[in-house]
Each structure stands twice: as structure tokens, then as C-alpha cells.
Amino acid sequence: DLDRLYLLTALICAGLLAAAVEGATLLDQTDESLRRRVDQLTAITHVARELNASMNLSRLLEVIHEQSLQMTRADCGTILLFDDSSDALDPRVTFRLGCPVEEPLTSLTRQALVRQEPLLVSDFESDLLAPPHADVRSALVAPITQQGKILGVINLHSSSPNFFDQSAFDTLQTLALQAAIALGNARRFHEQTQAAEQLKNRATALARLAEIAATTNFERPLERSLLAIASAIQQATPFQIVLLSLYESESGLLQRMAGVGMSDETLQELLSRKQPLQSVQQLLRPEFKIGHSYFIPADQTPVMPADVHSVVSLHATDQGKTASTDWNPEDFLIVLLEDSQGQPLGLLSVDAPRNNLRPDLATLETLEIFAAQAELAILNHRRTLEMKNRIDSLTSGLQRQQRPAERARPARRP
């Protein structure tokens, strides 16, 4: 009986001890879960604070990247942003932050793009999948979506299999949402900034037009009138380089008359060279026409005729284009100057925009307003020359008629 009592006591003690160990384990797990949850909430709060404090998209994405690694304890990760005008299933990467990979769009990223939802790979080896790069065993990927459109993805990698749990999965979804908010805010800010800039440019354009109209003088040399218009275009639009050419109907050549934004040496080289309008018109294909302007992208430029003369702008420094809206140094923007019957008067060309962007409709409209002013200046100059020639001709004819009459008049006697 005593042995049975000892055995029963031992069993009771073992049960109590097991319960105590299990309770301690559960307490540790609960503490760890609570600590992780607090860390997650702290990190999300930090990201939200950055969203409210800054419009710098690169900085916001850096914060999201850092917090995603810290909260999930991942070894590395990547944030990719896409060009929203490219193919949704094979997008062009415009921004990349994080660990180096051989191919930005891994098979896991492409799956997430197709399914449009977060994906988890517990073990690349057991699932027989190619990892993003060496030493990666498990990964998480979450699309950055806004209004049903994928703007980018966030990838997290770990060197351990089965590393990411549901908590990490939920955390990455939350950060992807924060990234979408950051992108939306940045784009709205950019749109508002552009709208304000357009209004400012329109006001500047109207002011410059008023100045040109106020200083209009039919006796003013055409070169000075066109130079004033070129300077006004430089001030009222983003373009730093402006060149105006006059069409010579007798020779069919374009003579550059005025330019701004270039060195004196470059400008003199341009002014000293003429080029056939017919050769330039080979570049002005219908598919490039927007209103009265012709925008010719660098990657679609036709073969340049040998007798078309151009120089490389000192402003044309390619710093690695990241979007289809960026200006390429080899882009062309030309406005053909014509009279009311569509006969050529000259050419307006611009280059090197300060904002490094290809022109929008508002910019093209402003250019065409100044182009109309240049057309008016050329027409007035021609009419003035025609009137002077007619006056000179009439004066010469009158003088010729007066000479015989003066010779036939008898001399007066004293």
C-alpha cells in the first residue's frame, strides 16, 4: 500500500510538473507573440508617420523595406515598382530596391501578378522551384495594388525553410497596403504639382505674349522679333533650347534666324548652315503629329537625310531613363510654321526640357501659341518688304517719268 501511495504521489507530482512546464511554455509563446505583435504595430505606426510627414517616394519605400525585414525577420527582400503603361503580366520595372537578383521578375513574382494575391513558398527545394537567388529557401511576395491595378510587388526571402508564418503573411499584406497608399499620395502630389506648373506656365506665356505685342514694330528687324519670341518660349515652357528658322521659297531652304539656350559657338554654327525643307519634312510623318506639332520619339526616328544638319545639345545627358514619359536627348519636337493657305513659313524646334519630361498637351498648346506669333511676325515682315518694294518701284518709275519732262522744259531767261 505504501508503494502504491508513493507511486500515486509521484504521478500527481509529474502531472503538476508537466502542467507547470506546459504553462510556462505557453506563457513564453504568448509573450513572444505579444512582443512580435507590438513590434508590428510599432513598425506600422512608424510607416504611417512617415507617410504623413514626407512626399519623398524613395524615402517612404526605403522605410517600408527596412520595416518589412525587421518585422518578419527576413534575411533580405526586394521592392519593385512597375511602369503602369506596360503589360500587366510582363511589366517594365521602373524602381528597384533591395537584394540583387539575376532576374527582377522571378517565377514567384510572375505567379503573384497572374493571381493578383500574396503568395508563400515554404521551401523552394521541396517544392522543386527555382529560388530568387542563392541561399533562399522560403519566400513571401505581396502585390502592391491600387484600384485593381498592380503597381509593384514586395518580396521577402529567408535562408531557412518554413520560416514565414501567418503573422509574417499578414504583416506583408499590411505593408503592401501602406506602399500603395504612398504611391497614391505621391502620384496625386505629382499631378497637383504639374497642374500648378501648367497654370504658372500659362500665366507666364500670356505675360510674354503681351510683352511681344506691346513691342511689335514693323520697322524692327525680323531677327530681333524672332529672338524675342524664342526667349519668351524659353521662359514660358520647360524647354531650355529654342530655335526658329525662316523658309526661303526661292531656294527651298530653311535659314536659322534666332536661337537661345546654346553657346555662341554652337549658335553660330547653326546660323551658318541651311537645310532643305523637303528633307526635314521626311521626318514629319502623320503618326508623329499632335495638333500642329510633331513629336518624334528617339526610338521611332526615321533615317535622318544626309542634308539635314543638327548638333548634339550640351544639355542632352542621358542619366538612365526610367519611364516612357522621360525626355530622350534624341527626341525631336518640331512645329511647322505655315500661313493661312498652308504654305510653309519656317520651323520652330525645341530641346532640353528642364523637367526632363516629354511634352504634355498643355505644353504643346503653349508652343503653338508662340508658333502663331512667329508666323505673324514672318508674315508682317514679308508684307512690309513687299510694301517697301512697291513704294521703291513706284518712286523709281515716277522719277523716270519726271526726267524727260524736266529736260523738255525750256530754260528761263533772266
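Buried means under 20% relative accessible area, exposed over 50% and partly exposed in between, with a 1.4 Å probe and protein chains only. This is a predicted model, in which local features need pLDDT of at least 70, side-chain atom pairs count only at pLDDT 80 or more, and totals for chains, interfaces and linings use all residues. Residues are numbered from 1 along each chain as its sequence is written, and side-chain values use heavy atoms, without hydrogens and water.

Me: Where on helix H3 do its buried residues fall?
Reply: Helices (H or I, at least four residues) and strands (E, at least two) are DSSP runs, numbered from the N terminus. In H3, residues 107–115, the buried residues are Leu108, Thr109, Ala112 and Leu113. Seen down the axis of H3, with directions taken from the axis to the C-beta atoms, they fall within an arc of 145°, so they line one face of the helix.

Me: Which strands are included in what covers the buried residues of H3?
Reply: Contact here means heavy atoms within 4.5 Å. The cover of these buried residues includes E1, strand E3 (119–121), E4 and E5.

Me: Is Gln147 buried or exposed?
Reply: Gln147 lies in the loop between strand E4 (138–146) and strand E5 (149–158), and its phi is positive, near 55°. Because its relative accessibility is 83%, Gln147 counts as exposed.
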